Amino acid sequence: MAYKYMMHVFCHECSVPHPSGIVIECDELLASDQSVGDIYDGWEVPQEIVVMLGNYFTCPNTGKGYMQRDNRQVFLVRIA
């Protein structure tokens, strides 16, 4: 059974993680709100996440753009 997770990205502008809109599937049930850095420590990070780390996001609270390259500041939140 595959579980779906929404990636949430920590925002330096307002100090809150925001949903990225990017969903990944994982065959394993992960602990709630784990960082990508913790989940994939010692393992290859999925391509969807690697690509996302190069994207700019807009903070919904400030309207400013930000980029998050630290995979310990990117979290997987279960949605299904």
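# Briefing on a predicted model

Cysteine 59 is buried, with a relative accessible area of 1%, where buried means under 20% relative accessible area, exposed means over 50%, and partly exposed covers what lies in between (1.4 Å probe, protein chains only). This is a predicted model, in which local features need pLDDT of at least 70 and side-chain atom pairs count only at pLDDT 80 or more, while totals for chains, interfaces and linings use all residues. Residues are numbered from 1 along each chain as its sequence is written, and side-chain values use heavy atoms, with hydrogens and water left out.

**Confidence**

- The protein chain has a mean pLDDT of 88, and 100% of its residues reach 70 or more; pLDDT is the predictor's confidence in each residue, from 0 to 100.
- Within the protein chain, confidence is highest in strand 1, at 92, and lowest in helix 2 (residues 47–52), at a mean of 82; helices (H or I, at least four residues) and strands (E, at least two) are DSSP runs, numbered from the N terminus.

- An open sheet is formed by 4 strands in the order 2-1-6-3, with antiparallel pairing; two strands pair if DSSP finds at least two bridges between them.
- Strand 2 and strand 3 stand at the edges with a single partner strand each, so one side of each is left without a neighbour in the sheet.
- Strand 1 and strand 2 pair in the antiparallel sense over 7 bridges, and in this pairing methionine 6 stands opposite valine 23 in strand 2.
- Strand 1 (residues 3–10) and strand 6 (residues 74–78) also run antiparallel and are joined by 5 bridges, and here the bridge partner of methionine 6 in strand 6 is valine 77.
- Strand 3 (residues 34–35) is paired with strand 6 in the antiparallel sense over 2 bridges; glutamine 34 has leucine 76 in strand 6 as its bridge partner, and serine 35 stands opposite phenylalanine 75 in strand 6.

**The hairpin turn**

- Strand 1 and strand 2 form a hairpin with 6 residues between them, and serine 15 is found in the loop between these two strands.
- Most residues other than glycine have a negative phi, and most peptide bonds are trans.
- Serine 15 has a positive phi of about 60 degrees although it is not a glycine.

- Which residues does histidine 18 touch, not counting residues up to four places away in sequence? Histidine 18 touches Met7, His8, Val9, Cys11, Cys59, Pro60, Asn61 and Tyr66, where contact means heavy atoms within 4.5 Å.
- Histidine 18 has its place in strand 2 and, at 7% relative accessibility, counts as buried.
- Serine 20, found in strand 2 (residues 17–26), is buried, with a relative accessible area of 17%.
- A polar atom of the side chain of serine 20 lies 2.7 Å from the backbone oxygen of methionine 7, and the side chain of serine 20 also reaches the backbone nitrogen of isoleucine 22 at 3.1 Å.
- Leaving aside neighbours within four places in sequence, serine 20 is in contact with Met6, Met7, His8, Val9 and Phe57.
- Glycine 21 lies in strand 2 and is exposed, with a relative accessible area of 58%.
- Not counting residues up to four places away in sequence, glycine 21 touches Met6 and Met7.
- Glycine 21 and phenylalanine 57 are 36 residues apart in sequence, and their C-alpha atoms are 10 Å apart in space.

**Cysteines**

- A search of the whole structure finds 0 disulfides, a disulfide being a pair of cysteine sulfur atoms within 2.5 Å.
- Cysteine 14 is in no disulfide, and the nearest cysteine sulfur, that of cysteine 59, is 3.6 Å away.
- Cysteine 14 counts as partly exposed, at 21% relative accessibility, whereas cysteine 59 is buried.

**An aromatic pair**

- Rings of Phe, Tyr and Trp (its six-membered ring) pair if their centres lie within 6.5 Å, with planes under 30 degrees apart counted as stacked, over 60 as edge-to-face and the rest as tilted.
- By this rule the count comes to 1 aromatic pair.
- The rings of phenylalanine 57 and tyrosine 66 have their centres 6.0 Å apart and their planes at 40 degrees, so the pair is tilted.
- Phenylalanine 57 and tyrosine 66 are both buried.

Note on methods: Polar contact = N/O pair within 3.5 Å; in protein donor to acceptor, adjacent residues only side chain to side chain.
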